[in-house]
Amino acid sequence: MSTANGPRLRAALGGIPAYRAGARPIARPGVTTFKLSSNENPYPPLPGVLDIAVRAAAGMANYPDPANTELVHALAERFGVATTEVVAGTGSVGLCQQLVQSTAGPGDEVLYAWRSFEAYPIITQIAGATSVQVPLTADLRHDLTAMAAAITERTRLIFICSPNNPTSTAVRRQELAHFLTAVPDEVLVVIDEAYREFNTDPDVPDGLEFFRSQPNVAVLRTFSKAYGLAGLRVGFAIAREPVADALRATAVPFGVSVIAQAAAVASLAAEPQLLERVSALVAERERVVRAYRELGWDLVKSQANFIWLPLGARTGEFAAACEAVGVTVRPFANEGARITIGHSEANDRVIKVTAGFVS
């Protein structure tokens, strides 16, 4: 890619799809607006975390610890892994990009289900690698049989988003175990679990089960969703040492701020309150799902903090109708809408709108 009178830029950057952040609602006089378009946590930070973050901000004149030592040790203790197997990063998406940079370049392939997390094709193209997108099944789940068949000698990295963003479905234990037997040892499999805390299906495995038994499996988690720290951009990877070393080598120096590190450590210490909050969101999710099903919608089972509404050609119309009542959702043109579970008032407004779209 080149410009008319300027620097020559990499050709691989041409045509990269833009990442679409969830739209913010338009302010309306006398109307409380809600944003259900970004899978944000509707609650404030966990008790005590904001105070700790504010105190940490007093040190903003100094660089943060580049090794994220306190956070790494807290995570290693929490998950029962070595500190050398833990890497913090600028949200799980930042770590996704580092993993692609570490494994794939021109001529290599990155394999993932589609539709899935929007960042995957973007970060793959930035690296100059080739995306291999395997369609979801009819019930909007990963087709791991088809994904195994799509592995070639050029495959370097496989993303498995579970629960899957935006369809809310999760991969089950036996099918994942079977899939991993088909993956060559030199191919890295990344289980992206940004929404893990909201899962209630015992047949959906914790990715760490496979990290412990498979040398080519890494797990991604984030503090953005269940922990309510999306604005601070902090996530973490748990990976075997060679992969963890690569993540440290590709990290932007001082990427995780001093405030983010302090808030994340404090959030880990507030796990009892976290579990209460997650339980409340799951209960609200199930209430919303029941309401949709009573309206006649046949929804897939959500294991995340959002639901997927298959609207097809009416997706844009639905999103506009939600916007008209002061709520934004995340539309995927001609496919469906992803709707975050928020405060009950916001959820109820969307349910009311949805009643007019029952086919």
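The structure is a predicted model, in which local features need pLDDT of at least 70 and side-chain atom pairs count only at pLDDT 80 or more, whereas totals for chains, interfaces and linings use all residues. Residues are numbered from 1 along each chain as its sequence is written, and side-chain values use heavy atoms, with hydrogens and water left out.

In soluble globular proteins, nonpolar side chains tend to be buried together. A nonpolar core is here a set of buried Ala, Val, Leu, Ile, Met, Phe, Trp, Tyr and Cys residues joined through side-chain atoms within 4.5 Å, where buried means under 20% relative accessible area, exposed means over 50%, and partly exposed lies in between (1.4 Å probe, protein chains only). The largest nonpolar core has 83 residues, and the members that touch the most others are Ile158, Phe223, Tyr292, Phe318 and Ile339. With eight residues, helix H10 (residues 271-295) gives the most to this core; helices (H or I, at least four residues) and strands (E, at least two) are DSSP runs, numbered from the N terminus. A second, separate core consists of 25 residues, among them Val87, Ala104, Ala218 and Ala239. The surroundings of phenylalanine 223 can be described through its contacts (heavy atoms within 4.5 Å), which, when neighbours within four places in sequence are left aside, include Leu71, Leu75, Val234, Phe236, Ala264 and Leu268.

Leucine 46 lies in the loop between strand S1 (34-35) and helix H1 (49-57), and at 2% relative accessibility it counts as buried. Although leucine 46 and arginine 277 are 231 residues apart in sequence, their C-alpha atoms are 8.8 Å apart in space. Not counting residues up to four places away in sequence, leucine 46 touches Tyr227, Ser267, Ala270, Gln273, Leu274 and Arg277.

The structure holds 18 salt bridges, each defined as a side-chain nitrogen of Lys or Arg within 4 Å of a carboxyl oxygen of Asp or Glu. In one of these, glutamate 175 is paired with arginine 141, and the closest N and O atoms are 2.4 Å apart. Glutamate 175 belongs to helix H6 (residues 173-181) and arginine 141 to the loop between strand S4 (130-135) and helix H5 (144-149), so this pair ties together parts that are 34 residues apart in sequence. Glutamate 175 is partly exposed, with a relative accessible area of 24%, while arginine 141, at 11% relative accessibility, counts as buried. A further salt bridge joins arginine 221 to aspartate 206, with the closest N and O atoms 2.7 Å apart; arginine 221 counts as buried at 5% relative accessibility, and aspartate 206 is partly exposed at 21%. Arginine 248 and aspartate 245 also form a salt bridge, their closest N and O atoms being 2.8 Å apart, and because they are three residues apart in helix H8 (residues 241-250), about one helical turn separates them.

Helix H6 has buried residues, namely Leu176, Phe179 and Leu180. These residues cover an arc of only 95° around the axis, which puts them on the same side of H6, the arc being that of the directions from the helix axis to the C-beta atoms. On the other side of H6, Gln174, His178 and Thr181 are exposed. The elements that cover the buried residues of H6 include H5, strand S5 (155-161), S6, H7 and S7.

Rings of Phe, Tyr and Trp (its six-membered ring) pair if their centres lie within 6.5 Å, with planes under 30 degrees apart counted as stacked, over 60 as edge-to-face and the rest as tilted; by this rule the count comes to 11 aromatic pairs. Tyrosine 112 and tyrosine 120 form a tilted pair, at 5.5 Å centre to centre and 55° between the planes, and both of these tyrosines are buried. The ring centres of tryptophan 308 and phenylalanine 332 are 5.6 Å apart with the planes at 55°, so this pair is tilted. Tryptophan 308 lies in strand S9 (residues 306-309) and phenylalanine 332 in strand S11 (residues 330-332), 24 residues apart, and both residues are buried. One aromatic cluster is formed by Tyr112, Trp114, Phe117, Tyr120 and Phe159.
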